[in-house]
Amino acid sequence: MSYRKIAAVGAGLSGAVIGRELAEAGYEVEIFDSRDHIAGNCHTERDPETGVMVHVYGPHIFHTDDAEVWNYVNRFQAFLPYKNRVKTTSGGQVYSLPINLHTINQFFGKTLRPDEARAFIETQADTTIEDPQTFEEQALRFVGNDLYEAFLKGYTQKQWGCSPKDLPASILKRLPVRFNYDDNYFFHKFQGMPENGYTEMVAGILDHPRITVHLGTRFGRDQVSEYGHVFYSGPLDGYFGYELGQLGYRTLDFERFTYDGDYQGCAVMNYGDVSVPYTRITEHKHFSPWEEHKGSVCYREFSRECGLDDIPYYPIRLVKEKEQLAAYVARAEREDGITFVGRLGTYRYLDMDVTIREALDTARLFLTNAGENAPMPAFLHPPV
């Protein structure tokens with residue numbers, strides 16, 4: 001075994017960034033991915049019929065306040081301006097999300113100014129809820145029943161497959177309302193889309209003479225001893241052969257269709273009514289507003305429980321999963337020569353910028369520890 005030979009499992013953002021950092025430091029890096037393409041779930045490709053850049057596994061919108069991460073991705077692909085302006089269809093009308101002053105005035109048929117709207121929403125809110133414990137209590141406390149029913153309840157029920165009464169309040173992290181007309185979905189300083197897609201960006205990160213990529217290749221636990229260290233971004237439970245059961249995830253099914261023209265006039269249209277089986281429709285040409293295409297590629301998204309043969313998207317992390325997770329974490333911490341990274345490896349929902357930040361930090365810790373002859377932890381960011 002050569003200690004200068006490193007393996008990264010997964011050719012998505014975690015594996016690519018760690019691999020690049022270590023290759024530039026002189027290590028030989030082999031990257032394995034069971035799929036036949038790089039870039040993981042942010043994989044993009046041109047639709048041959050329309051020319052539209054398609055986010056194959058659903059839309060990925062880059063947003064961050066981390067200047068170093070922003071500069072890092074722009075090193076490998078030019079990011080062009082993009083603001084995510086989401087619409088939602090509820091009760092037969094179209095509204096703007098997140099809930100903002102326009103949404104409030106339109107929904108309630110008013111012409112409130114910011115201070116008036118703030119006072120009005122406080123009259124709608126259930127102030128008897130002092131310490132919200134569930135998603136539903138959190139929503140009722142901050143926006144009241146009418147806005148909750150229209151914009152949050154049905155969508156959440158479809159997305160998570162259970163009642164919002166059964167979800168923790170932490171899922172609804174921020175006050176879901178703005179008292180101005182700002183309809184930019186994100187708050188972050190840097191927002192954009194890669195000009196030629198995420199796959200070309202990841203290809204640039206992987207383009208190094210000391211990186212070898214093996215696609216369509218599974219990496220087994222018995223191979224760890226062949227490398228100086230392994231960075232594993234696959235499913236944590238999968239690494240152990242699901243011996244303690246499968247961790248809970250939600251997966252997505254996409255119903256793809258094309259349209260001659262502009263189908264919905266925006267990139268993302270949510271559907272808040274529980275009677276509509278899908279959570280949203282995405283129209284992919286709107287994710288590249290600097291391009292012009294006559295035809296269009298759209299996805300209807302359906303959320304459901306994830307099976308062993310499905311692609312895991314959203315970790316559920318309710319009580320059952322947290323108990324199971326703690327057991328897997330204990331096992332992982334007894335392993336030698338492996339660090340678990342990324343969304344699947346740490347069973348945490350991570351935005352792309354956080355994934356890249358953690359990958360950079362992980363690679364730098366490894367280089368520091370190697371210089372000091374110190375072991376690497378199983379997790380840089382423990383899942384529990």
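## Burial and the overall fold

A residue is buried when its relative accessible area is under 20%, exposed when that area is over 50%, and partly exposed in between, using a 1.4 Å probe and protein chains only. Leu 22, at 0% relative accessibility, counts as buried. Across the protein chain, buried residues make up 56% of the 384 residues.

This is a predicted model, where local features need pLDDT of at least 70, side-chain atom pairs count only at pLDDT 80 or more, and totals for chains, interfaces and linings use all residues. Residues are numbered from 1 along each chain as its sequence is written, and side-chain values use heavy atoms, with hydrogens and water left out.

## Size and surface

The radius of gyration is taken over C-alpha atoms, and the globule rule is 2.2 Å times the number of residues to the power 0.38. For 384 residues, a compact globule would come out near 21 Å; the protein chain has 22 Å, which agrees. The C-alpha trace spans about 70 × 50 × 35 Å along its principal axes.

The protein chain exposes about 17300 Å². Carbon and sulfur atoms supply 48% of that area. Accessible areas come from the Shrake-Rupley method with a 1.4 Å probe; for residues, only the protein chains shown count as cover.

Contact means heavy atoms within 4.5 Å. Take the contacts between residues at least 6 apart in sequence: 72% of them join residues at least 24 apart.

## Helices and strands

The protein chain has 11 helices and 17 strands. Both are DSSP runs, numbered from the N terminus: helices are H or I with at least four residues, strands are E with at least two. Two strands pair if DSSP finds at least two bridges between them.

## A three-stranded sheet

Three strands form an open sheet in the order β5-β9-β6, with antiparallel pairing. β5 (62–64) and β6 (79–81) stand at the edges with a single partner strand each, so one side of each has no neighbour in the sheet. From one strand to the next, the twist averages 40 degrees.

Three bridges join β5 to the antiparallel strand β9 (residues 190–194). Thr 64 stands opposite Phe 190 in β9. Helix α7 (residues 198–206) lies across β5, β6 and β9. The helix runs at about 90 degrees to β9. Axes here are lines fitted to C-alpha atoms, for helices over the stretch in contact, and angles run from 0 to 180 degrees between N-to-C directions.

## A hairpin

Strand β7 (residues 86–90) pairs with strand β8 (residues 93–97) in the antiparallel sense, over five bridges. β7 and β8 form a hairpin with two residues between them. Gly 91, in the turn, has a positive phi of about 60 degrees. Ser 90 stands opposite Gln 93 in β8.

## Around Leu 22

Leu 22 sits in helix α1 (residues 13–24). Leaving out residues up to four places away in sequence, Leu 22 touches Ile 6, Tyr 27, Val 29, Phe 231, Ala 363, Phe 366 and Leu 367. Phe 254 is 232 residues from Leu 22 in sequence. In space, the two are 36 Å apart, C-alpha to C-alpha.

## Cysteines

A disulfide is a pair of cysteine sulfur atoms within 2.5 Å. The structure holds zero disulfides. For Cys 42, the nearest cysteine sulfur is that of Cys 306, 18 Å away. Cys 42 is buried, with a relative accessible area of 5%.

Cys 266 is buried too, at 10% relative accessibility. The closest cysteine sulfur to that of Cys 266 is in Cys 298, at 9.6 Å, too far for a bond.
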